[in-house]
Amino acid sequence: MPVVALLVLDGVPGHQLTTPGLVFEAAAGTHPRARTELRVCSVRPAVATAGPLPLDITAPWGTDGLEGADTVVLTGHDGFLTGPPAGVLDAVRAAAARGSRVAAVGTGTFTLAATGLLDGHRATTEWCRTAELAARHPRVEVDPAGTVVADGPFLTSAGVFGGIDLFLHLIGLDHGPAVAARTVRRLIAPLYEDAGATREEIDRELAGTAGLEPTMRWLEARPQDSPTLAEIATHARTSVRSLNRRFRERTGLTPRQYLLRVRVERARELLETGDLTVDEIAARTGFGSPASLRRHFRRLTGVTPRTYRLRSRL
């Protein structure tokens with residue numbers, strides 16, 4: 001059974017504290033062997049969650065809980081810019097030296113970067129903090145468009161929905177992509193009848209991306225552009241024929257279909273976080289027209305852009 005040590009500090013966002021258990025429990029419910037031991041660890045016996053109404057949480061494990069862990073996960077926390085308490089950096093370095101994977105959710109990437117372990121590696125953090133991470137840690141290659149970035153034994157996440165994407169990625173690594181896909185279906189209850197397309201998109205997102213990741217990140221960083229297949233193949237350093245085959249094998253999609261998914265995901269972000277009109281979002285995401293955005297958005301999410309915006313703000 002894989003062991004995941006969650007290292008929490010004062011001011012941890014409550015949802016980052018509860019998400020790992022939610023995901024691992026869902027995975028275990030899909031298959032009796034898909035179980036994970038979760039250890040909640042801290043440098044002090046108790047920590048408080050972030051927010052105006054903090055909750056005091058007793059951590060069953062100290063930093064000794066990192067010993068023997070297959071993966072150590074650093075959550076975000078208050079004061080991440082000033083550095084963690086004494087003992088944290090040494091404990092994380094020791095875990096990495098023992099061969100553990102080390103991951104970080106959201107602003108936890110700042111703590112991981114402070115260890116020096118990310119120097120020369122790609123990483124991400126909360127999207128509004130990527131420039132700050134790059135400025136503070138110039139030897140880290142910051143990916144401003146990444147949701148989950150894996151580079152060697154280090155994994156970092158933008159922290160969306162408490163890092164659920166990161167823990168699903170870990171499920172895929174430890175138990176296989178099929179278990180990860182079933183876990184997603186167990187976690188997400190569709191709110192509409194015709195959810196087949198969305199379930200297919202979720203499964204494809206979990207497919208491996210080895211070898212194509214730089215090109216996929218390149219496409220994700222510029223959804224408003226319309227590169228030709230030849231231009232995409234040039235970026236991937238392969239032929240158009242090989243590009244199509246590799247995208248099919250890794251994602252279940254053609255390069256153009258993948259770019260369409262990227263555009264829909266970017267539209268979802270803009271609908272959630274701003275007040276741009278549908279016309280403006282269509283222009284920024286490369287759809288060309290509001291009608292095209294509405295058609296593709298409804299096909300891939302099951303709802304219209306307007307309905308999605310209303311639901312995301314409830």
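Modeller: A salt bridge is a side-chain nitrogen of Lys or Arg within 4 Å of a carboxyl oxygen of Asp or Glu. In general, side chains of opposite charge can pair when their charged atoms come close. Please note that this is a predicted model, in which local features need pLDDT of at least 70 and side-chain atom pairs count only at pLDDT 80 or more, while totals for chains, interfaces and linings use all residues. Residues are numbered from 1 along each chain as its sequence is written, and side-chain values use heavy atoms, with hydrogens and water left out.

Biologist: How many salt bridges does the structure hold?

Modeller: The structure holds twelve salt bridges. One of them joins the side chains of Asp90 and Arg93, at 3.0 Å from N to O.

Biologist: Where do Asp90 and Arg93 lie?

Modeller: Both belong to helix α2 (residues 88-97) and are three residues apart, which means that about one helical turn separates them. Helices (H or I, at least four residues) and strands (E, at least two) are DSSP runs, numbered from the N terminus.

Biologist: Is Asp90 buried or exposed?

Modeller: Asp90 is exposed, with a relative accessible area of 54%. Buried means under 20% relative accessible area, exposed over 50%, and partly exposed in between (1.4 Å probe, protein chains only). Arg93 is partly exposed, at 32%.

Biologist: Which residue does Arg101 meet in a salt bridge?

Modeller: The partner of Arg101 is Asp174, at 2.7 Å from N to O. This pair links distant parts of the chain, since Arg101 is in strand β6 (residues 101-105) and Asp174 is in helix α5 (residues 164-175), 73 residues apart. Asp174 is partly exposed, with a relative accessible area of 27%.

Biologist: What about Glu269 and Arg266?

Modeller: Their side chains form a salt bridge of 2.9 Å, N to O. Both residues lie in helix α11 (residues 255-273), three residues apart, or about one turn of the helix. Glu269 is partly exposed at 26%, and Arg266 is partly exposed at 34%.

Biologist: Which residues are linked in a network of salt bridges?

Modeller: Arg129, Glu132 and Arg136 are linked in such a network.

Biologist: Turning to the cysteines, how many disulfides are there?

Modeller: A search of the whole structure finds zero disulfides; a disulfide is a pair of cysteine sulfur atoms within 2.5 Å. Cys41 is buried, at 0% relative accessibility, whereas Cys128 is exposed, at 67%.
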